[in-house]
Amino acid sequence: MNLYTAEQMREADRRAIEERGIPSLQLMENAALAVVREVRALPIPGPGLDGPIGWLTADGHMPTPEEQAEFWAMRRRSAIVWCGPGNNGGDGVAAARLLLEMGWQVKCVLVGDRARMTPDCREMERLLNQAGGVLEDFDPAHKEQYMPFDVAIDALFGVGLCRDLGPDAALAARMTRWATGWVVSVDVPSGIHAGTGDVMGTAVRADVTVTLSRGKPGLYVGQGAVHSGRVVTADIGIPKDVYPEQTQTVLVDREGLSLPRRARDAHKGNFGRLFILAGNRGCTGAAALCAQAAVRGGAGLVTLAVPEDVYPILAARCCAEVMVQPLPQDSGAVLELARGCTAAVIGPGLGRGERAEQLVLALMRGLECPIILDADGLNIISRHIDVLDEREGAAILTPHDGEFARLSGCELPIRDRLGAAAEFARRHRCTLVLKGFRTVISAGGTCVVNPTGNPGMAKGGSGDALAGLMGALAAQGVPDAPILAVWLHGRAGDLAAQDKGEYGMTPSDLVEQIPYAIKELT
């Protein structure tokens, strides 16, 4: 799914209004209808008929279940709508009017300078007044009047915000969570940068974000993905052909992924030879997980080359399908061992000593097949970035944020993961897989955002499994192997969480779920 920047959204709006003659008020009304549709679908909390009551009837007795049911049936649902003076605020004012007309109790609040209201926002205020509602000015001195409500609708700012929220807007953003059942944001949670997902000072934390017409990158990366909750993309009547066909950011769509069928007469040589350089004293688990994930990823032959002193451990620990080899002493002999492979994984648990450094540099210079660099392979290359720049064959780097900071010299936290990944991949002519919540894959100027995965994967060894799976797909020559590997890895993690739970699942559980994730795509 293509994701669109604020500039692209503004241009699409302009073309729809000026070139196609679609009234801007109609687009605003459509946006409000979409928001109200999601608000009305929310399960509004209330005490259960057999739970604590907390109130008595007029004659002082505890209400019967029938009396409770009658009370909750008669009770009007309530919403507070926080509006800015711009068109995003106009969407909110229109939503307030629609809810009012449907019998809801509605409080509509303007946060900002009334003199700066857009013409469309003013027109929606006029229609609200006609329906018996009022757009009140925000009064920070009397906060108690803004709670409690069943739903808070955040229509403070839209995609155009590129600065920190002012004091009143920041207070209103925080108040959306005060004594409120649900928070629904219009287009983008206020305070979230629509392009990067960065929090600009303070931001609304929504349960649902109704994004208008098209998805925006900031809803799916960084803190924006945390603050957006469930994202619903609403069609508001802008024609499809006013949008560019291609964008710089894409959200992985399961429907667009597939793996090729295997030929009936295939043999192991048809599915690639993967070479893995990994493992060291105290880090044998990383090597084992990497190799086992590669086997589960379908590689025809998997060779795991490890230091001689840990060879007995890994020979016994790895599954029978992995060919574990002790590393020759001569770097040239190691290169010969790897030369027949169709892809290589370098780094999991390897260590950063002089011997490891010699091997990494020799393989980077001597192998023409795709190389996946992970863990200590990345740490070594960060000291020899020129070797990466000089390499002719494909290089796929899989850093987490800390490793990426060492590679690129950027500061932590990374405020613009999309921009940082794209710039590094362009500068060093590689594919960058920036791991973390909503992993970003960048190559050739495009960033791909992965939606799968869960917090249960935040355990040592998950990244090693990803490197092995990615190596297996690359060895088989699968198109877009990094994107597929990241999606499958996250999906396997989701399946493991369904089975074992996020607390108790392990990277080994994830590896065991890889075949089932693959099965969904074949």
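Strand E10 (273-277) is mostly covered in this predicted model, four of its five residues being buried, where buried means under 20% relative accessible area, exposed over 50% and partly exposed in between, with a 1.4 Å probe and protein chains only. Helices (H or I, at least four residues) and strands (E, at least two) are DSSP runs, numbered from the N terminus. The model is a prediction in which local features need pLDDT of at least 70 and side-chain atom pairs count only at pLDDT 80 or more, whereas totals for chains, interfaces and linings use all residues. Residues are numbered from 1 along each chain as its sequence is written, and side-chain values use heavy atoms, with hydrogens and water left out.

E10 runs parallel to E11, and five bridges join the two strands. Arginine 273 has leucine 301 as its bridge partner in E11. Both strands belong to an open sheet of eleven strands with mixed pairing, in the order E1-E9-E18-E17-E16-E15-E14-E13-E10-E11-E12; two strands pair if DSSP finds at least two bridges between them. The edges of the sheet are strand E1 (2-3) and strand E12 (322-326), each of which pairs on one side only. Helix H8 (residues 284-296) packs on the sheet and touches strand E10 (273-277), strand E11 (301-306), E12 and E13, contact meaning heavy atoms within 4.5 Å. The direction of H8 makes about 170° with that of E11; axes are lines fitted to C-alpha atoms, for helices over the stretch in contact, and angles run from 0 to 180 degrees between N-to-C directions. Strand E13 (residues 343-346) and E14 run parallel and are joined by three bridges. Within this pairing, valine 345 has isoleucine 372 of E14 as its bridge partner.

The protein as a whole has 18 helices and 18 strands. Its C-alpha trace spans about 85 × 60 × 50 Å along the principal axes. Of the 522 residues in the protein, 53% are buried. Among contacts between residues at least 6 apart in sequence, 71% join residues at least 24 apart.

Threonine 211 is placed in strand E7 and is buried, with a relative accessible area of 0%. Leaving aside neighbours within four places in sequence, threonine 211 is in contact with Asp187, Lys216, Leu219, Val231, Val232, Thr233 and Ala234. Serine 213 lies in the loop between strand E7 (208-212) and helix H7 (222-227). The phi of serine 213 is near 75°, a positive value in a residue other than glycine, and at 5% relative accessibility this serine counts as buried. Alanine 375, in the loop between strand E14 (371-373) and H12, likewise has a positive phi, near 50°. Alanine 375 counts as buried at 15% relative accessibility.

Two cis peptide bonds may be described. The bond from methionine 147 to proline 148 is cis, with omega near -5°, and proline 148 is placed in the loop between strand E4 (135-137) and strand E5 (149-155). Leucine 412 and proline 413 are joined by a cis peptide bond with omega about 0°; proline 413 is found in the loop between H14 and helix H15 (417-428).

The largest pocket has a volume of about 950 Å³. On a 1 Å grid over the protein atoms alone, a pocket is an open set of points where a 1.4 Å probe fits, with protein on both sides within 12 Å along at least five of seven lines, and lining residues have an atom within 4 Å of a point. Of the 37 residues lining the largest pocket, Gly86, Asn87, Asn88, Gly89 and Gly158 are the closest to its centre. Helix H1 (6-19), helix H2 (24-40), helix H4 (87-101) and helix H6 (167-175) are the elements giving two or more residues to this lining.

The second largest pocket holds about 680 Å³ of space. Its lining has 31 residues, of which Lys435, Gly436, Met457, Ala458 and Ser462 lie nearest the centre. At least two lining residues each come from helix H12 (376-381), helix H14 (401-408), helix H16 (462-475) and helix H17 (481-500). H16 supplies the largest share, four residues.

Note on methods:
Grid points are joined across faces, edges and corners, and a volume is the space filled by probe spheres set on the points.
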